[in-house]
Amino acid sequence: MRYMIIVKASKDSEAGVMPPQEVFDAMAEYHEEMAKAGVLVDGNGLHPSARGWRIQWSGGKRKTIDGPFAETKELIAGYTIIKVGCRDEAVEWASRFPNPGTADGSIEIRQMFELEDFEPSVEVDRFRKIGMG
């Protein structure tokens, strides 16, 4: 089972403020522990939304919208993907996640779909062939 730990953005992360050294150290130690345990798949921080864009579809038409985006609470500052045996194990790892900021912050944990969650199909085989899921 794969889970994504989503680090929610803050005013600081959206302003491009890098985490203080002690936060960066705690994150490095936490991710090293996960790597040693064999559960770490990937993880990284994201640049502020001012450096990003969205692609939105409406009425069958595609529109590109440049950042920044107003609702900080809906933005993502970073992520970690873990692969564990069960939900309880994901809860255990996520509960040890260091505070990603200097004040208030939050993370969200979501289980990722696996190709086995879908009915067998040509499309599922295509995804498997290119290494997804």
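**Questions on a predicted structure**

Biologist: What is the relative accessible area of arginine 128?

Modeller: Arginine 128 counts as partly exposed. Buried means under 20% relative accessible area, exposed means over 50%, and partly exposed lies in between, with a 1.4 Å probe and protein chains only. Arginine 128 falls in the middle class because its relative accessible area is 40%.

Biologist: What kind of model is this?

Modeller: Residues are numbered from 1 along each chain as its sequence is written, and side-chain values use heavy atoms, with hydrogens and water left out. Local features need pLDDT of at least 70, side-chain atom pairs count only at pLDDT 80 or more, and totals for chains, interfaces and linings use all residues, in what is a predicted model.

Biologist: Which residues do salt bridges that share partners join into one network?

Modeller: Arginine 110 forms a salt bridge with glutamate 108, with the closest N and O atoms 3.2 Å apart. Arginine 110 is partly exposed at 48% relative accessibility, and glutamate 108 is partly exposed at 28%. Salt bridges with shared partners form a network of Lys8, Glu108 and Arg110.

Biologist: How many salt bridges does the structure hold?

Modeller: Another pair is glutamate 92 and arginine 96, whose closest N and O atoms are 3.1 Å apart. Glutamate 92 is partly exposed because its relative accessible area is 38%, and arginine 96 is partly exposed because its relative accessible area is 36%. The total of salt bridges in the structure is 7.

Biologist: Which pattern does the protein chain follow along the sequence?

Modeller: The protein chain has 4 helices and 6 strands. Helices (H or I, at least four residues) and strands (E, at least two) are DSSP runs, numbered from the N terminus. The C-alpha atoms fill a box of roughly 50 × 45 × 20 Å, taken along the principal axes. Along the sequence, the pattern reads β-α-α-β-β-β-β-α-β-α.

Biologist: Why is strand E1 (residues 2-8) largely enclosed by the rest of the structure?

Modeller: In the whole protein chain of 133 residues, 26% count as buried. Strand E1 is largely enclosed because its buried residues number 6 of the 7.

Biologist: Over how many bridges do E1 and strand E5 (residues 76-83) pair?

Modeller: Two strands pair if DSSP finds at least two bridges between them. E1 pairs in the antiparallel sense with strand E6 (residues 107-111) over 5 bridges, and isoleucine 6 has glutamate 108 as its bridge partner there. Towards E5, lysine 8 stands opposite isoleucine 76. E1 and E5 are also antiparallel, and their bridges number 7.

Biologist: How far apart in space are glutamate 74 and alanine 9, C-alpha to C-alpha?

Modeller: Glutamate 74 is in the loop between strand E4 (61-66) and E5. Glutamate 74 counts as exposed because its relative accessibility is 55%. Glutamate 74 and alanine 9 are 65 residues apart in sequence, while their C-alpha distance in space is 7.5 Å.

Biologist: What is the peptide bond from glycine 67 to proline 68, cis or trans?

Modeller: Proline 68 is also in the loop between E4 and E5. With omega near 10 degrees, the peptide bond from glycine 67 to proline 68 is cis.

Biologist: Which residues make the nonpolar surface patch of about 390 Å²?

Modeller: Patches are made of residues with over 30% relative accessible area and no salt bridge, where like charges are joined within 9 Å and nonpolar side chains (Val, Leu, Ile, Met, Phe, Trp, Tyr) within 5 Å. Accessible areas come from the Shrake-Rupley method with a 1.4 Å probe, and for residues only the protein chains shown count as cover. Isoleucine 55, in strand E3 (residues 53-58), is partly exposed because its relative accessibility is 40%. The patch is made by Trp53, Ile55 and Trp57.

Note on methods
A salt bridge is a side-chain nitrogen of Lys or Arg within 4 Å of a carboxyl oxygen of Asp or Glu.
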